[in-house]
Amino acid sequence: MNLAATDYPDLADFGHDPWWLVLIKAVAVFAFLVANPLVAILAERKIMARMQARLGPNRVGPHGMLQSMADGVKLALKEGITPFGVDKVLYLVAPVIAVVPAIMAFAVIPFGPMVSVFGHHTPLQLTDLPVGVLFILAMASIGVYGIVLAGWSSGSTYPLLGGLRSTAQVISYEIAMGLTFAAVFLDSGTMSTSEIVAGQHNYWYGLVLLPSFVIYAVSMVGETNRAPFDLPEAEGELVGGFHTEYSSLKFAMFMLAEYINMVTVSALATTLFLGGWQAPWPLSLWDGANSGWWPILWFTLKVWVFMFVFIWLRTSLPRLRYDQFMNLGWKVLIPVSLTWVMIVALIRAAFGSASDTVPRALVSAAVGLVVTLLLFWLVRRVVRPAPHSPVPDTPAPRSAIPFDPMAGGFPVPPLPGQLPAKETTDA
């Protein structure tokens, strides 16, 4: 049954559903989260193959459409190996800790407005809280414990390094992510996900809070350990990272957690910055676009735009070096986020709740911040001294050139012949 007009739910609309309706919603959310990884794994392999001029999966099922199911069955039938010397309790619990919080975070994600289900007027959302966005952030923080415990309990060096990297990664990028949330809270005046969506009826926060949107988009890639930020599972240095010692269904749970986290952060970006389940323009000109069951389609399409970007980045970009990754989080994203939050707070304090003035002021401030950052970057590029001395006309022997291990800003070992003969002998 479609409603005549958009009916935005609020906190008072939750907590009144009968138990069977709550159960239906919970099963529907779980099915959505299980179906999306199955489609995402196949889509990722197909899209990457297309971008790299390959065929991709094309054997199992029509055009390879059953490849994800075949991979799942293969993982389930493999022998589960538990290495000698692991902490068995934590080793077995770690995959569960990685998956469960990722699923629980979706409890407060809104899929649509108020609808009628078997005569009951209910929101298309499992539940909501006055601090719903903070609940999602808390679940994301708990999920990283699964990675950390998996690396520590394995009793192996490389998984431990992967777990440590994941800890540093989450600490670095959740600060920037939390600051982007603060800007949305200041502009919307609420932390409830359903009310944040309702507050974007006139304009999306991704437009007026563009710096927050861009910073969140970068942070969510780092939060989910995806390329080019997949350092906790970098096979070049860590063999396989935190899940090196896992096999069979336990390994499949880590893979499931990664893709569910991708869906969760994409859904959160849609909710906070792209109007949630509301139809984009020009579809929003249709009176029935934001009512009934249609909003589920708009919400899913927006989520999959972010999923495609995840795949695009993995196909296009190489993995960052670890010091570059840390510099981006601590020296760029966090200072810019903090500056932007202060600007948003000052604008809200100066103009109050004037609905016409605040969006224009925020857009002007966002443009000014972007221009300032570009000018700062250009000035640094111009005045920064060259990291290497000019090359002479007559090439000098390599051993005659002083070796500076910090010349490029990152310590590197010497190449053969860069050290004097005496030092090489002593070494």
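Colleague: What share of the accessible surface of the protein belongs to carbon and sulfur atoms?

Modeller: This is a predicted model, in which local features need pLDDT of at least 70, side-chain atom pairs count only at pLDDT 80 or more, and totals for chains, interfaces and linings use all residues. Residues are numbered from 1 along each chain as its sequence is written, while side-chain values use heavy atoms, with hydrogens and water left out. Accessible areas come from the Shrake-Rupley method with a 1.4 Å probe, and for residues only the protein chains shown count as cover. The accessible surface of the protein comes to about 22,100 Å², and the part belonging to carbon and sulfur atoms is 70%.

Colleague: How many helices and strands does the secondary structure of the protein come to?

Modeller: Helices (H or I, at least four residues) and strands (E, at least two) are DSSP runs, numbered from the N terminus. By that assignment, the protein comes to 14 helices and 2 strands.

Colleague: Among contacts between residues at least 6 apart in sequence, what percentage join residues at least 24 apart?

Modeller: A contact means heavy atoms within 4.5 Å. For the protein, among contacts between residues at least 6 apart in sequence, the part that joins residues at least 24 apart is 76%.

Colleague: Is helix 5 roughly parallel or roughly perpendicular to helix 12?

Modeller: Axes are lines fitted to C-alpha atoms, for helices over the stretch in contact, and angles run from 0 to 180 degrees between N-to-C directions. Angles under 35 degrees count as roughly parallel, over 145 as roughly antiparallel, 65 to 115 as roughly perpendicular and the rest as oblique. Helix 5 (residues 157-188) and helix 12 (residues 322-351) have axes 9 Å apart and pack at an angle of about 15°. Therefore the relation of helix 5 to helix 12 is roughly parallel.

Colleague: Is the crossing in which helix 5 passes helix 12 left-handed or right-handed?

Modeller: A crossing is left-handed if the near helix is turned anticlockwise from the far one by less than a right angle, and right-handed if clockwise. For helix 5 passing helix 12, the crossing is left-handed.

Colleague: How do the residues of the contact of helix 5 with helix 12 divide into nonpolar, polar and charged?

Modeller: Ala, Val, Leu, Ile, Met, Phe, Trp, Tyr, Cys and Pro count as nonpolar, Asp, Glu, Lys and Arg as charged, and the others, Gly among them, as polar. For helix 5 with helix 12, the division is 21 nonpolar, 5 polar and 3 charged.

Colleague: Which residues of helix 1 and helix 2 make the contact?

Modeller: The axes of helix 1 and helix 2 come within 8 Å and cross at roughly 115°, so helix 1 is roughly perpendicular to helix 2. The crossing is right-handed. Helix 2 contributes Gln67, Ser68 and Asp71, and helix 1 contributes Leu38, Ile41, Leu42 and Arg45.

Colleague: By class, how many nonpolar, polar and charged residues has the contact of helix 8 with helix 11?

Modeller: The axes of helix 8 and helix 11 come within 11 Å and cross at roughly 60°, so helix 8 is oblique to helix 11. The crossing of this pair is right-handed. Phe213, Met220 and Val221 of helix 8 meet Phe306, Phe310 and Leu313 of helix 11. By class, the contact of helix 8 with helix 11 has 6 nonpolar, no polar and no charged residues.

Colleague: Leaving aside neighbours within four places in sequence, which residues is Val221 in contact with?

Modeller: Val221 is found in helix 8 and counts as buried, at 5% relative accessibility. Its C-alpha lies 9.3 Å from that of Tyr173, 48 residues away in sequence. Beyond four places in sequence, the contacts of Val221 are Arg226, Ala227, Pro228, Phe229, Phe310 and Leu313.

Colleague: Is Phe118 buried or exposed?

Modeller: Phe118 lies in the loop between strand 1 (114-117) and strand 2 (120-123). Its phi is near 50°, a positive value in a residue other than glycine. With a relative accessible area of 70%, Phe118 is exposed.

Note on methods:
Buried < 20%, exposed > 50% of the residue type's maximum accessible area, 1.4 Å probe, protein only.
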